[in-house]
Amino acid sequence: MLLGSGGAGTSVLSAAGALIAAQAQRTRGGVPPLHDSAGVLLVTLDPRSPLPAQLGVFRRPGEPVAVTGELDLLHLDPLAAVESAWHDFTAALLTVAGGRHPLPLVGTLASVAPGEMTALPGAQEFLLLRRIRDAATSGRWDRIVVDLSGVGDPFALLRAPTLLATTVERLWPRHRRLAQASEQPALAQLAGAVESIGRDCDDLRELLADPSAVAAHLVLDGGERGRRQCPDQLAIAELLGLPLRSVLVNPGAGGLDPQPVLECAAELLSGAPAQPQIAAVPHVDGPLDRLSRLRRLTVDLPGPDGRAHGSGALEVVHRGGSGLEAVYELSWRQGLPEPDRLVLGRSGDDLLVTVSGFRHPVRLPSVLRRCTVAGAQWAHGRLTVEFTPDPAVWPQRAGRR
């Protein structure tokens, strides 16, 4: 996954990296392809992406298009993804209902226009990510390169499965929908569909932070804007637990000096257990507006290495005591560009953490879900939260008679 703010050159670097990966697929000696199709899929989520024109193919949203013998392009339109998924969902409901709408809820849902679903927090982004996951698990391609530009805030996109799961749970809590489904068989299909969404949300949340399957690459502008954005974006990547493998500083067409941005990233990532690669993108003269010119741009995109990053590598330590007197500490490496803006909260099984104005729920390990927060501190680049057992839910031994 390549992510960066608008104008940082994320799309161009995604295309160049995908072309290099495809070339590596073609030059692998003695390894026959598993399928007749390409070994690499380049995905873009920008409705107005320039990639089809730059790669010399027709724009066909939602369908893989062959670019070379080893590379396909999949252009996903967010609104089209919502419309397609909502059409399938309501069609399934009407089939179960036999077209008679025995429950008012079914008729109401079926009457909702697909465009209205974009207002449900995280729904549109969730559908896009699910589409990418389905492509990745189809077995058709050996490698997927995802261009996350053109979607506004790429970090908000990656948080979407968590946000949607929380929204669905609040609208129709799991214990309530399961009980209602058992009492009203007509609701079973709807409850099953919602359960499926919940499972997909959990699956996506785990996948995006899985360092054995995913590699994230942060693209920064080579100028002053990139230097200003660097601390915040690295901190948010740590909060999300993204398996960050490289930071690419792009001097762009203007040939900006990337050194200040490189030094900023190197300082902030110094000492990180999962040390990402930090590199400047080589400057190429002329516009990168066609396939032959994109091939001149050398971009190294290291693959997954199995090393967790940020909150994905959180640790729980038992500091002492037993029973209700026990003390536990939860910690992970976390950058804080503005320590005074750190906000911590608790919502069910999640620790709500706000860094640089970005809030994300970090799922608590099971032992801490029955505890309350006793304190927190940030020191030496590490966030530590202290927990003590909650007497109301902590298992206790029965007293001796």
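**Exercise 1.** Determine the handedness of the crossing of H7 and H8.

*Solution.* The crossing is left-handed, meaning that the near helix is turned anticlockwise from the far one by less than a right angle. The residues in contact (heavy atoms within 4.5 Å) are Arg-174, Arg-177, Leu-178 and Ala-181 of H7 with Ala-188, Ala-191, Val-194 and Glu-195 of H8.

The model is predicted: local features need pLDDT of at least 70, side-chain atom pairs count only at pLDDT 80 or more, and totals for chains, interfaces and linings use all residues. Residues are numbered from 1 along each chain as its sequence is written, and side-chain values use heavy atoms, with hydrogens and water left out.

**Exercise 2.** Classify the relative direction of H7 and H8.

*Solution.* Step one: the axes (lines fitted to C-alpha atoms over the stretch in contact, with angles from 0 to 180 degrees between N-to-C directions) of H7, residues 174–183, and H8 come within 8 Å and cross at roughly 150°. Step two: H7 is therefore roughly antiparallel to H8, a class for angles over 145 degrees.

**Exercise 3.** Compare the span of H8 with its expected value, and list its buried residues.

*Solution.* Buried (under 20% relative accessible area, 1.4 Å probe, protein chains only) are Leu-190, Ala-191, Val-194, Glu-195, Asp-200, Cys-201, Leu-204 and Leu-208.

**Exercise 4.** State what share of the protein is buried.

*Solution.* Of 401 residues, 43% count as buried.

How values were computed:
Buried < 20%, exposed > 50% of the residue type's maximum accessible area, 1.4 Å probe, protein only. Helix = DSSP H or I, 4+ residues; strand = E, 2+ residues; numbered from the N terminus. Expected span 1.5 Å × (residues − 1). Parallel < 35°, antiparallel > 145°, perpendicular 65-115°, else oblique.
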